[in-house]
Amino acid sequence: MSSLIESYAPYTGDDVINQLQELARPLKGLRVVHVNSTKEGGGVAEILHRMIPLMNDLGIDTSWEVLEGNPDFYQLTKMFHNGMQGDQVQISDKLLKVYEETNRQNAERLRDTLQQADVVFIHDPQPAAFLKLIDDRKGKWIWRCHIDASKPNRQVWKYLREHVKNYDASVFSLAAFAQPLPHPIYLIPPSIDPLTDKNIELEEHEIRLVLERFNIDPERPLLVQVSRFDRFKDPVGVIQAFGLAKPFIPGLQLVLAGGGASDDPEGQLVLEEVRAAAMDESDIHVLELPSDAHRTINALQRAATIVIQKSLKEGFGLTVTEGMWKRKPVIGGNTGGIRLQVINHHTGFLVNSPSGAAMRIRSMLKNQEKLSEMGVKAQEFVRENFLITRHMREYMTLMLSLVHGSKHRIDLNKNK
Amino acid sequence: MNKKTKTGPVQFKRGIQPFMVRDCALIALATGKRARTMKELRDYLETIAPESIYYHFWGSLLRPRFEDPEYHNDFASWCAHSLNDQVAAERLAVVDPAQFQSLEDLRSALIDILDERIDELDVLPTTNQDKQFEFISSDIVVFATKRIINEPSELKQVVPGLSLGSIFYHFIDARRRNPDSLDDFRSWLLSFGSSYQNTMLGVAEIDPYFTNLTTLRTNLSEVFSKSMQGGV
């Protein structure tokens, strides 16, 4: 009988699937709980939507719990997020109390589940205070930080560190993001899933329909940036780059497509700034899409000539991964996880300013052959490194490592 | 056809065990040690855990990294791309970890190269904070698979389907575990006396360092396929 995990074999090869099945065997029956702050929108929720059923398919009893908060709580955690990325933020004691009270209420609601779990993954700062609030913990607790915390606002980090320092381990996407903590710090980049609506192959007809819906000309070059309307994603910088390149490529079109995440209260403000910057340029399409518009985003990325992700700060940049999976070269901001993916002259170009982006847009559009070659390399790079199967292998390895005492070499057969 | 099937019990020469295929997975850990200058790199190298040196030479085979066609270890690559010191990069790049008996010997060789280069330079190269060398370590988890190779002629069928983790464990990691730094394939074939000498020679000719695991798997498969065609 074919299992869910086996449906990935056409993308990864049988050997990868066999390895996951073997690795999962000693973890069978383990009870694992993930906790984050939103079911919809953002890379974390997307990964968990897929990883939970896949882990269960491999026999690891895995569940997902979501922390619930009021608008004040999400305003605060957005400030945490920005602060962790280095923004100067002033957080009032009143908001910190909201944070602690929201964590207390949610911890109470989830107490039994969390106490019984063998492994608990707490994602990002929102539910980080759970550890202090759950006593009699049975399992290992891991704080999974998805944010670029390489240069955090010291006040914000000082506060959060008190909540995360007693975890059994933490996970960061890159070594550069890791802050000193008194426990093992694992490094695991995130991933994309080739079988989701966001990434699955689409018929040409479906892509055409999406372009028609938004009045985009399929015959002219198209730049696409998909991301939340967030200043760190620099959508206004993308518009500036477009403005600098457009006189040289009059047919150039730009799509800035963003979806709202329920834990991001700043989005509307930034969207207004973006619309103001786009003014009445008819070849700039600012699209506010619902968080479940995955096939639409897929179609836009597939229709792109070049994918842009001109972030100023980036945790990892899964939209870069998505674009590369669709054989698109990427112009990416020279920051965070984008650097791990965009390799100059191979999978795209890293840029540091709107002028740099404009220059790369112009030069890349002059060489179609090179664009195709980069696209092929980009897809292969993602296939080998950033699909969900690699991510699962590393989560399972991490769990085995922690359960067996985090030694450098763990031989599961010797322990029997 | 002299191929034996896997269905019946195989008679082994006394003391020869079947080849139990194992697999491994690597997980990276931050050490918190970061170097911005060549001197800092050298000083950290003196005290860093041997697992970190292992990771920066061999770990690239099992982790996300765009293949660098010029530099096959992280120290060389960093000297080239972040310090812009091509001389140091070239000297570090030719260090072949497979040639060293222990990681301590390898550590010593790296420090010698850096000391020599530091002596040659009037001004030590440095880099930006966001291009620091991040010393990374790793945990390795080794686990059993269901595959058992009962006799050498089965290698040509089994090896092409092995995971890259198995290739790493048996062909690269084995050199740290076995006497004379042999990989597991040669170590096992050796137990059959001189019967598989040609095959062992073919395996010995595969350079594990200047390539990736997919290519290594292909190379091993070719050697087993070719040398086992008519027996040995």
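So, H123(A) stands opposite R144(A) in strand β4 of chain A. Strands here are DSSP runs of E at least two residues long, helices are runs of H or I of at least four, and both are numbered from the N terminus. Before I go on, a caveat: this is a predicted model, with local features needing pLDDT of at least 70 and side-chain atom pairs counting only at pLDDT 80 or more, while totals for chains, interfaces and linings use all residues. Residues are numbered from 1 along each chain as its sequence is written, and chains are lettered from A and ligands numbered from 1 in the order in which they are written.

Back to H123(A). It belongs to β3(A), which covers residues 119-123. β3(A) runs parallel to β4(A), residues 140-145, and five bridges join them. Strands count as paired if DSSP finds at least two bridges between them. β3(A) also pairs with β1 of chain A, residues 31-36, again in the parallel sense, over four bridges. There, H34(A) has F121(A) as its bridge partner.

Is β3(A) mostly covered or mostly open? Mostly covered: five of its five residues are buried. Buried means 20 or more other C-beta atoms within 10 Å of the residue's own, exposed means 12 or fewer, and partly exposed is in between, with C-beta atoms placed from the backbone. In a regular strand, side chains alternate between the two faces of the sheet. On one side of β3(A) you have V119(A), F121(A) and H123(A), on the other V120(A) and I122(A), and all are buried.

V120(A) brings me to the core. The largest nonpolar core has 186 residues, and V120(A) is among those touching the most other members, along with Y186(A), L187(A), L223(A), V224(A), L300(A) and F168(B). A nonpolar core, by the way, is a set of buried Ala, Val, Leu, Ile, Met, Phe, Trp, Tyr and Cys residues joined through C-beta atoms within 7 Å. Which element gives the most to this core? That's β1 of chain B, residues 19-35, with ten residues.

Now look at where that strand meets chain A. β6(A), residues 185-187, pairs with β1(B) in the antiparallel sense over two bridges, and Y186(A) stands opposite L29(B). Leaving out residues up to four places away in sequence, L187(A) touches F172(A), L174(A) and A175(A), plus A28(B), L29(B), A30(B) and I136(B).

For the whole interface, 24 residues of chain B are in contact with 38 of chain A, where contact means C-beta atoms, placed from the backbone, within 7 Å. On the chain B side, β1 and β2 (133-149) are the elements giving two or more residues, and β2(B) gives the most, with nine. That side has 14 nonpolar, five polar and five charged residues. Nonpolar is Ala, Val, Leu, Ile, Met, Phe, Trp, Tyr, Cys and Pro; charged is Asp, Glu, Lys and Arg; the others, Gly among them, are polar.

As for chain B itself, there are ten helices and two strands. An automatic or database assignment sets the domain bounds, giving domain 1 (25-137) and domain 2 (150-227). Their centres, taken over C-alpha atoms, are 28 Å apart, and each domain puts nine residues into the contact.

Finally, confidence. The predictor gives the complex an ipTM of 0.86 and a pTM of 0.88.

How values were computed: Two residues are in contact if their C-beta atoms, placed from the backbone, lie within 7 Å.
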